[in-house]
Amino acid sequence: MKNVFKKLFNPALLLIFLTSIALAEDVDLDKIVVTPSRIEESSEDVGRVVDVVTSGEIQRSGAQDLAEALTDLTSVDMSNYGGPGTDKNIRMRGSTSAQVLILMDGRPINNPRDGQVDLSTIPLDNISRVEVMHGAGSSLYGSSAMGGVVNIITKDPPKAGQKAELYSSFGTARTYVERMLYGAKVGNFGFLASGGYQSSEGFRQNSEFNSKDCNLKLGYDINNENKVSFNSGFYKSRSGVPGSTDWTDIDDKQNVLKRYFDFHWNFKPDTKTGISFKAYQNFDRLEFIENSTTYSKDVQNTTVRGFDLQLDKQLLDVYRIVCGFNYVKNMNDSTTSAKHEYNVTSGYLENRLDLFDNKLNINLSARLDDYSNFGTQINPSLDFLYKFNDAIKLHGLISRSYRVPTFNDLYWPNDGMGEGNPNLKPEKGVTGELGFEARINKYLASGLTYYCSDYKQLIQWSEWTPAKVSQPENIASALIQGLEFENKIFITDNLELELDYSFLVAKDTQTHKYLLYQPKNKIDAGLKYNDHNGLTVELKGQFTDIRFADTNNNDKVKSFFVLGLSVTKKFKPGITCFGYIDNLLNRKYEVMQGYPMPGFSITGGLKAEF
C-alpha cells in the first residue's frame with residue numbers, strides 16, 4: 001500500500017501543472033457509459049478512464065475480430081497465437097489475461113476453468129459498443145477485475161420498423177466470413193437475430209478453422225419505464241492445433257462449444273429510482289483431440305449460473321447510491337480433473353457525491369464476496385473527478401482488487417509435467433492512478449494517466465524438473481508502474497491523427513525480473529481520412545517492444561512494428577464496400593513465442609443494410 005501512495009503522488013504536481021497551462025476550449029465529447037458505476041451516466045462525469053469503441057469504428061477499422069478492434073488502445077496488450085481461430089486474450093496495465101474481467105451486457109464471461117476469454121469467438125456484427133475501463137474494478141465487479149474491465153454491449157432490437165444486414169468477405173488463406181442480421185419492432189415487442197459462418201485454411205500446417213454462431217435477443221416494453229429482455233446464443237468451432245514452432249502437432253484438433261442465456265428486467269418506478277434484475281447461465285465445452293500416437297480426447301465442461309439484483313437511488317440532489325446482491329455458482333466437469341464446484345455470494349455499494357455544481361464527483365464503493373472455498377474478500381475503492389472547466393478534467397483512483405484461482409490452477413491432474421494445487425489463495429492487489437484529460441484547442445485533445453499497482457500472492461507455476469512436476473504457488477509479488485499518453489489531432493475537418501504511447505515497467509518485486517510478455521514501450525498511431533460522402537481511409541501502425549517469455553528473462557520475444565490499411569466506401573442505399581490489408585510491410589514477427597503471425601494479408605467484401 002505504501003509503495004502505491006508513494007509512486008502515485010510523485011507526479012501529481014507535474015500533472016496539475018500541465019493541466020493549468022492548457023488553453024482549453026469548450027467541446028462536446030459526451031458519451032453514455034455503464035461500466036464505471038453499473039448504471040448509465042455521462043462519460044464526462046466519471047472519475048475512471050474509459051475507452052468507448054463503437055460498432056461503426058470497428059467496421060471502419062478493418063478488424064476481423066474483437067481482439068483486433070481493441071489492440072490499439074493504450075492500456076491493452078493482446079495475447080495472439082496467430083491467424084483465424086487461435087486464442088486471442090486481452091491483457092491490461094501489466095496484468096495477465098485472467099486478471100481482466102470481460103462482461104457481455106454486464107454478464108461476466110471469464111471461464112473459471114482458465115480465467116480467460118477468447119475474444120475471437122465474439123461476433124462483431126452483434127456489438128453495439130465496447131467499453132474498456134482501465135484499472136481495478138473489484139469494488140463493483142469482484143474477482144478478475146485487477147487490470148481492467150471490458151464490457152461488450154450488444155445491439156438491441158430496432159426501436160421502430162425493421163432492419164436487416166448481410167455481410168460477406170473473402171481473404172488470404174481462403175478465409176470466408178458470411179453473416180446476416182435481422183430485427184423488427186412490432187408494437188411493444190422487438191427481436192434481433194444474427195448468425196454467421198467463418199472458415200479458413202490457415203497459414204500454417206494444421207491451422208485450418210471453421211466456426212458458426214447464432215444469437216437472438218427478445219425485448220418487451222411493458223411501458224416506457226418497465227422493460228424485460230431475453231438474450232441467448234451459441235458458438236461452435238473446430239480448428240487444428242499446430243502447436244509452437246518448437247513443438248509442432250500436425251494432426252491434433254480442438255472443438256469448442258459455447259452456449260449462454262440471460263434474462264434482464266429494468267424498472268424505473270420514478271425519476272430518481274432504478275431497479276434491475278439479471279439471471280444468466282454460461283456453458284463452455286472444450287474438447288482436445290490427440291491423434292499423434294493413439295487417439296484420445298479430453299473434455300472440459302464448465303457451467304456458470306448466477307443472478308444479480310440492483311437498486312440505484314438518488315437520495316439527495318448531490319448524493320446517489322448504487323447497491324446490489326449477487327450470487328454465482330461455478331461448476332467444472334472434466335475427464336482429466338473430475339468434478340468440482342464452488343459458489344460466491346456478494347453484496348456491493350457505491351456512494352456518489354456531486355459537489356460544487358457538479359465540478360467535483362466522488363465515488364466511494366465497496367464489495368464483499370463470500371466464497372464457499374476462498375473465504376471472504378472485501379475490496380473498497382475511491383475515485384474522483386474534478387472539472388476545472390468543460391475541457392480540463394483531473395481524475396484519480398485508489399482501489400483494492402483480487403482474483404481467485406482457476407479450476408486448472410486448483411485441480412489440474414498430475415500428467416508428468418504439471419499438477420494443480422488445491423491450497424491456493426486469491427491473488428490480491430492495490431492500484432492507484434492520477435491523470436488528466438484536456439481539449440487544448442480545436443485541433444488537439446490529450447490525456448495523460450500515471451498508475452501504480454502493487455500485487456501480492458500472485459499465482460506462479462514452478463519450473464518443471466525431472467525430480468518434481470510444475471505446480472502453482474502463491475509465491476510471486478509484483479510492482480507495476482505505467483504511463484498512458486493519448487493524443488487526438490484534428491488536422492482538418494476530414495483528416496484526423498491519433499498518437500498514443502504506453503510506458504510500462506512490470507517487475508517481480510523479489511527477483512526484479514520483468515513479468516511475462518509485458519512490453520516496456522508500446523506506440524499506436526492512426527491516420528484517418530473521411531470525405532463525409534461515405535469514403536473512409538485509415539492507416540494504422542503499432543510498435544511493441546521486446547517481451548520476455550520466461551520468468552528468468554532469458555528468452556526474449558523480439559520487438560515488432562506492423563502497419564495496416566483499411567478502406568471503406570458507403571454507397572446509397574445502404575451498400576458498403578471495404579478492403580483491408582494487414583501486415584502491409586509483410587513483417588515476420590511473433591506476439592507469443594513460437595507462434596508466428598500471418599504475413600501480408602488482404603480481405604475484401606461487401607455489406608448491405610436494408
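**Fold, surface and selected residues of a predicted model**

Trainee: Among contacts between residues at least 6 apart in sequence, what share joins residues at least 24 apart?
Mentor: In this predicted model, 60% of those contacts in the protein chain join residues at least 24 apart.

Trainee: And how many helices and strands are there?
Mentor: The protein chain has six helices and 37 strands. Its radius of gyration is 24 Å, close to the 25 Å that the globule rule gives for 610 residues, so the chain is as compact as a globular protein of that length.

Trainee: What box do the C-alpha atoms fill?
Mentor: Taken along the principal axes, the box is roughly 70 × 60 × 50 Å.

Trainee: How many disulfides does a search find?
Mentor: Zero, across the whole structure. A disulfide is a covalent bond between the sulfur atoms of two cysteines.

Trainee: Cys-452, then: buried or exposed?
Mentor: Cys-452 counts as buried because its relative accessibility is 0%, under the 20% cut-off. Cys-323 has a relative accessible area of 22%, so it is classed as partly exposed.

Trainee: New topic. Where does Ser-237 lie?
Mentor: Ser-237 belongs to strand 14, which covers residues 226-240. With 9% relative accessibility, Ser-237 counts as buried.

Trainee: Which residues is Ser-237 in contact with, leaving aside neighbours within four places in sequence?
Mentor: Ser-237 contacts Phe-209, Asn-210 and Ser-211, and also Gln-254, Asn-255 and Val-256.

Trainee: What about backbone angles: what is phi at Arg-93?
Mentor: Arg-93 has a positive phi of about 50 degrees, although it is not a glycine. Most residues other than glycine have a negative phi.

Trainee: Where is Arg-93 found?
Mentor: Arg-93 sits in the loop between strand 5 (88-92) and strand 6 (100-104). Its relative accessibility is 5%, so Arg-93 counts as buried.

Trainee: And Asn-206: what is its phi, and where does the residue lie?
Mentor: Phi of Asn-206 is also positive, near 65 degrees. Asn-206 is in the loop between strand 12 (189-200) and strand 13 (209-223).

Trainee: Is Asn-206 buried or exposed?
Mentor: Asn-206 is buried, because its relative accessibility of 5% is under 20%.

Technical notes. Residues are numbered from 1 along each chain as its sequence is written. This is a predicted model: local features need pLDDT of at least 70, side-chain atom pairs count only at pLDDT 80 or more; totals for chains, interfaces and linings use all residues. Side-chain values use heavy atoms; hydrogens and water are left out. Helices (H or I, at least four residues) and strands (E, at least two) are DSSP runs, numbered from the N terminus. The radius of gyration is taken over C-alpha atoms; the globule rule is 2.2 Å times the number of residues to the power 0.38. Contact means heavy atoms within 4.5 Å. A disulfide is a pair of cysteine sulfur atoms within 2.5 Å. Buried means under 20% relative accessible area, exposed over 50%, partly exposed in between (1.4 Å probe, protein chains only).
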